[in-house]
Every structure is written in C-alpha cells, then in structure tokens.
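Let's go through this one by question and answer. Have a look at the structure before reading on.

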Amino acid sequence: MRRRLLLALAGTGLLGLGLGRGRAQAAPREIEITAQRFHFTPNVIALTAGEPVLLKIHALDFTHGFYIPDLDQRIDLIPGRVVTLSITPVNPGKLHFLCDNFCGDGHEGMDGVFEVSA
Amino acid sequence: MQRRDFLQLAALGGGAVSIAGLAGCASLKGSPDEFYFVQLSDAHWGFQGPPNPDARGTLPKAVAAVGALPEPPDFIVFTGDLTHTTDDPAERRRRMTEFKQVIAPLDGRVIHFMPGEHDAALDRGAAFKELFGETYYRFDHKGVHFMTLDNVSDRGTSLGAEQLEWMKTELAKLDPKAPLVVFTHRPLFPLVPKWDWHTRDGAQAIELLMAHENVTVFYGHIHQEHHFQTGHIAHHSARSLMFPLPAPGTAEKPLPLAWDPAAPYRGLGWRGIELEGSKAALTEHPINPAVEART
C-alpha cells in the first residue's frame with residue numbers, strides 16, 4: 001500500500017525527488033516589489049542577464065497590472081495577495097515594466113525599469 | 001458652398017488638409033453619398049494644471065469653432081476622455097454633466113459619444129452609460145457603416161470576449177466590400193506598449209476587421225495626430241483639447257507636454273473628415289491657427 005502511494009505521488013511529481021538529476025538547482029533570487037497608486041517600490045531594479053529571478057509583488061490598494069512588454073509577460077496584482085512572476089532576462093540593457101490596469105489620475109507614470117547587466 | 005470649397009477655406013484658415021484612403025471605396029458599385037463629420041477627442045474636462053492654463057476655455061473654443069462651420073457636419077463624434085478621471089463617483093457625474101452643458105451650443109446636431117479610460121475605467125462605464133448611453137454600438141450613414149468600440153471600460157484595456165463576439169456578429173451582417181469606419185479610444189494596434197498605448201486584445205479586433213475590404217479607424221488617447229497602417233486598415237489618431245503628449249516613444253513617460261506661453265494651445269485641435277468617393281480628406285483644425293501657421 002505504501003509503495004503504491006509512493007509510486008502515485010512520484011507520478012504526479014509531488015515528491016520532487018529529482019531522481020537521477022544530480023543536485024537540485026538553486027532557488028531563483030527573490031525580489032519583492034510593492035505596487036501602490038501610482039508607483040512601484042522599488043522602481044529601478046538591477047538584474048543579471050541569464051539569471052532567473054522570482055518577482056514577489058504585493059499590491060496594496062488596487063488591482064494593478066504588472067506588464068513587461070519586451071518579455072510579453074504580465075499579471076494582475078490582487079490586493080492582499082503576494083503574486084509571483086518568474087522572469088529570466090536574456091540580454092543586457094533596460095527592461096521596462098508598468099501598471100497596465102488603469103488605476104486613476106497618475107496611472108500614466110506608474111512604471112519602472114529592470115537594469116540588466118552582462 | 002461646396003464641400004471642396006469648405007476644405008480649401010479650412011486649409012487657408014490654418015487647417016491642414018491631408019488625403020487618406022478610405023481604402024477601396026473606388027471599387028464599390030455606386031459610391032456612397034458625400035458627407036463630412038467632425039472628430040473631437042480627449043477634452044479631459046475637469047483637468048487642472050500647468051499643462052493648460054486655459055483648461056476651462058479650450059473645449060468651448062472648439063465647440064464655438066465647430067458651431068461656426070459654414071456648412072454643418074452631418075454628425076460629430078467625441079472619441080473618448082470627455083472628462084478627466086476622478087475617484088469620486090459624484091464628481092465624475094458632475095464633470096460629465098458640466099461637459100454636456102459646455103457642448104450645449106451644439107444641441108440639435110447629431111453627436112456620437114464614446115468613453116475613454118478616464119471616463120469609464122474606474123466604474124466600468126457606469127456613469128458614462130447613465131449620462132451618454134451605450135459604450136459600444138453601430139450605426140449607418142449614407143452608405144457607410146460605422147462601429148464604435150469600447151476598449152476602456154475594462155480596466156485591463158481590453159475589448160473583452162463579449163464585445164469581440166458582438167463585433168463578429170455585427171460584421172457578419174455587413175457587405176465586406178462596403179466602407180466601414182471604426183471609432184475607438186485607444187489604438188487597436190501596439191503603438192507603444194511600454195506606454196500602455198495599445199489594446200490588449202486589439203489584434204483579435206483587427207483580425208475580424210481584416211475580412212472587410214474598406215476599413216478606416218479613427219481613435220484618440222495619444223493626444224496628437226498620428227497615422228498608421230495595419231495591412232489595408234488605416235488608423236488615424238486625433239489631437240486633444242486639453243494637452244498634447246510626446247510623440248510615440250520619444251520620452252521616458254507619456255506625460256503632458258509643457259504649455260508654451262509663446263505658442264499657446266500648440267498641438268491642440270480637432271478634425272474634420274470628409275468622405276468623398278474613394279478618399280477620406282482629413283482636415284486638422286488647430287485651436288490656435290496662428291501658432292500652427294508660424295511653426
């Protein structure tokens with residue numbers, strides 16, 4: 001019975017044993033961002049090309065959007081929840097992000113930039 | 001006075017006339033009647049700030065100019081952002097009511113309204129519907145089909161599945177060779193995504209429109225004249241009646257350009273559109289023709 005349960009869990013990947021894969025990959029660096037009318041904090045964020053990061057974004061007052069046009073990635077930020085978005089910048093340079101859910105008088109300036117180094 | 005004379009006079013009076021294709025009209029069996037209409041956009045009634053020291057005077061100037069046209073337009077369309085956004089629902093309705101009072105000199109004319117995100121995003125179009133009616137609809141005029149779209153009541157700047165389905169149903173009723181004019185507030189195509197100058201599901205709308213041979217889109221939102229082509233579909237944006245914005249992608253943020261005391265009202269204006277045979281003649285009417293004439 002126990003063996004059958006283990007096999008079933010392994011089939012769903014829930015065990016996460018990574019058998020035969022060698023050492024598990026390091027967890028991505030986590031970056032916390034707060035969204036509040038009409039700014040992100042921080043709004044200038046240093047990244048390294050090729051480095052996967054996990055954005056943990058917390059909206060305080062509105063269902064803001066978080067949109068990175070150059071990566072074609074976006075997510076709605078539900079107030080009271082920490083919303084996560086995984087990104088891996090490929091090339092050095094600037095990646096702009098912005099709120100893309102109209103949130104009021106000041107929405108047009110609610111943005112930021114990832115400064116990606118080599 | 002013939003419309004051609006009117007256009008020439010408008011040009012002499014400081015308006016800039018350009019000819020844009022209302023693609024394919026020439027190939028129609030029997031041209032639709034000639035007529036012209038006026039597009040006003042982005043009045044942002046209720047805005048106050050240094051970008052326009054005459055914030056309460058600019059819209060009335062445009063209204064007076066339209067009212068004084070030697071030949072009345074067949075209709076007038078306001079392509080959104082009638083009012084500047086506010087969090088206060090009562091203030092939003094007050095601004096909309098005052099906007100209607102300001103344009104009262106145009107009473108008796110046929111006027112089509114549609115919302116911008118400043119009017120409709122925060123309450124999903126509730127106040128707009130109370131005071132101006134539906135946010136998307138269709139009408140016909142002298143052989144031309146018109147369709148207004150709402151890409152602002154959804155805070156996520158989308159048309160949404162329901163409206164796209166409505167589009168599909170309405171377009172299926174039309175002759176795909178007939179001229180079709182579409183009004184939207186935001187650009188349907190990705191003009192500057194990093195400034196949020198796009199419509200999230202605009203590509204789906206354009207795909208639906210592509211089946212029609214003669215489509216022209218007039219929109220607002222970007223507070224300046226701009227012309228773009230997606231396939232055979234022409235997209236023309238209009239100036240604002242409150243403040244101009246930077247040319248697409250030329251600044252860090254899409255924030256209002258500073259008022260220039262040496263060139264007041266620069267960049268502000270409205271547009272006349274004459275549909276004549278296979279062409280649409282666009283006439284740009286600056287609020288201050290003297291400024292435009294010397295720049």
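**Contacts, burial and a sheet**

Student: In chain A, what share of the contacts with a separation of 6 or more comes from residues 24 or more positions apart?
Tutor: This is a predicted model, where local features need pLDDT of at least 70, side-chain atom pairs count only at pLDDT 80 or more, and totals for chains, interfaces and linings use all residues. Residues are numbered from 1 along each chain as its sequence is written, while chains are lettered from A and ligands numbered from 1 in the order in which they are written. Two residues are in contact if their C-beta atoms, placed from the backbone, lie within 7 Å. On that basis, the share for chain A is 62%.

Student: How many residues of strand β6 of chain B are buried?
Tutor: Strands are DSSP runs of E, at least two residues, numbered from the N terminus. Buried means 20 or more other C-beta atoms within 10 Å of the residue's own, again placed from the backbone. β6(B) spans residues 144-148 and is mostly covered, with the buried count at four of five.

Student: In β6(B), which residue is the bridge partner of His141(B)?
Tutor: β5(B) and β6(B) pair in the antiparallel sense over five bridges. They form a hairpin with two residues between them. Across from His141(B), the partner is Val144(B).

Terms used:
Buried ≥ 20, exposed ≤ 12 C-beta atoms within 10 Å, placed from the backbone. Pairing = 2+ DSSP bridges.
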